[in-house]
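Please look through the report below alongside the sequence and the model. It moves from the whole chain to single residues.

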Amino acid sequence: MVPFVWSDDCLRHEPEAEVWVGTRTPATEVPARAVAIRGELVAAGAREVAADTHDDAALLAVHDRALVEFLRTAWDEWSAASLPSDRVVPYVFARPELTGGREPAAPAAVWARPGLFAYDTMTLIGPGTWESARAAVDVALTAVDLVSKGEPLAYACTRPPGHHVTRSLYGGSCYLNNTAIAATALLARVGAPVAIVDIDAHHGNGTQELFLGRDDVRTVSVHVDPGAGWFPHFLGFEAESDEGNLNLPLPPGTRDVAWLAAVQRAAEFVTGARALVVALGVDAAAGDPESPLEVTAGGYREAGRILRDLGLPTVVVQEGGYDLATIGPLVVETLRGLSGA
Ligand SMILES: [Zn+2]
């Protein structure tokens, strides 16, 4: 079975809640997700590899230093300010139109600062958030190291997820874009082009925006149609596709046959790449509370097989998946497909 990279620090982020339509609702992006995946991988005979530490070079090749420094310090500053919320949450947003496109002033108030970097209210920061997000980057980069050293396939058990983060904005329960960081690190090792295939139920909007217009990283995302009312709402449409980016939105209720046809198209789009990063969300599965797609465990295994047929060195980065009973088995099935087991 495939090597999988793990860090206990990925469990330290405990958002407990998200603020959704102005209401505090229970978090679904919980540490138990990673624990469930690890348990199933170990039971399946996968080999655990401890994450190595990496400096910030790969991180800063993808994200603005200002975002990284905000995430690093946000909880300490917030907690020192004795605010009524026990998590960092924005209340005002520094949209570019607000300042006519000019750089917004760095706000004096600690409680205004999240509005420079957050694009939603549901992605809360608390004690341990930075440590988990940064550990997830190390997990992803360690998987890149394994593949660079000759492993055909490595799985990064990253948490929190990352594919909704742009160069300078966090959101969608994501803080640092592990997938984009892994792809950028792979690019430096194997040369262009590197491919990212995102099969999370939601559009990989952060990843798309990071690489749009570039020909060295090809991105493709198979996801539920944002036009049907799903996150990230404002993008993820077919019309954003170009030579280097392909969006394959699917209607709610999509089952294996149509989903796998889209995965097949995704694979064809990245044929000729030198290496592959799979942004593996298993929230497209039937029964996942966060999406209306109806993919089976067998479908995920077949998706793995389709991507294996590309014959590329492959790093798998964990994104979404919120049904604690099935998240582990779904990851294992996908890895079985990818490894030809
Ligand atoms: Zn998702």
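## Charges and basis of the model

The mean positions of the 25 positive and 44 negative charges of the protein lie 4 Å apart, where Lys and Arg count as positive, Asp and Glu count as negative, and His and the chain ends are not counted. The place of a charge is taken as NZ of Lys, CZ of Arg, CG of Asp or CD of Glu.

This is a predicted model, in which local features need pLDDT of at least 70 and side-chain atom pairs count only at pLDDT 80 or more, while totals for chains, interfaces and linings use all residues. Residues are numbered from 1 along each chain as its sequence is written, and side-chain values use heavy atoms, with hydrogens and water left out.

## Overall fold

The protein has 9 helices and 10 strands; these are DSSP runs numbered from the N terminus, with helices (H or I) of at least four residues and strands (E) of at least two. Along its principal axes the C-alpha trace spans about 55 × 40 × 40 Å.

Buried residues make up 56% of the 341 residues, where buried means under 20% relative accessible area, exposed over 50%, and partly exposed in between (1.4 Å probe, protein chains only). Of the contacts with a separation of 6 or more, 78% are between residues 24 or more positions apart, a contact being heavy atoms within 4.5 Å.

Distant parts of the chain are linked here, with aspartate 200 in the loop between β6 (194–198) and α6 (205–211) and aspartate 283, 83 residues apart from it, in the loop between β9 (275–280) and α8 (297–308). Aspartate 200 is buried at a relative accessible area of 1%, and aspartate 283 is buried at 0%.

## Buried residues in helices and strands

Threonine 219, in strand β7 (residues 217–224), counts as buried at 4% relative accessibility. Beyond four places in sequence, threonine 219 touches several residues, including Ile196, Thr207 and Phe269. Threonine 207 in turn is found in helix α6 and is buried at 3%; among the contacts of threonine 207 are His163, Ile196 and Thr219.

Glycine 328 lies in helix α9 (residues 327–339) and is buried at 2% relative accessibility. Leaving aside residues up to four places away in sequence, glycine 328 touches Ala36, Ile37 and Glu40. Glycine 328 and leucine 41 are 287 residues apart in sequence, with their C-alpha atoms 7.2 Å apart in space.

## Backbone features in loops

Most residues other than glycine have a negative phi, and most peptide bonds are trans. A cis peptide bond, with omega about 0°, joins arginine 159 and proline 160, and proline 160 is placed in the loop between β5 (153–156) and α5 (178–190). Another cis bond joins phenylalanine 231 and proline 232, with omega about 10°.

Proline 232 is in the loop between β7 and β8 (245–250), and histidine 233 also lies in the loop between β7 and β8. Histidine 233 has a positive phi of about 65° although it is not a glycine, and at 39% relative accessibility histidine 233 counts as partly exposed.
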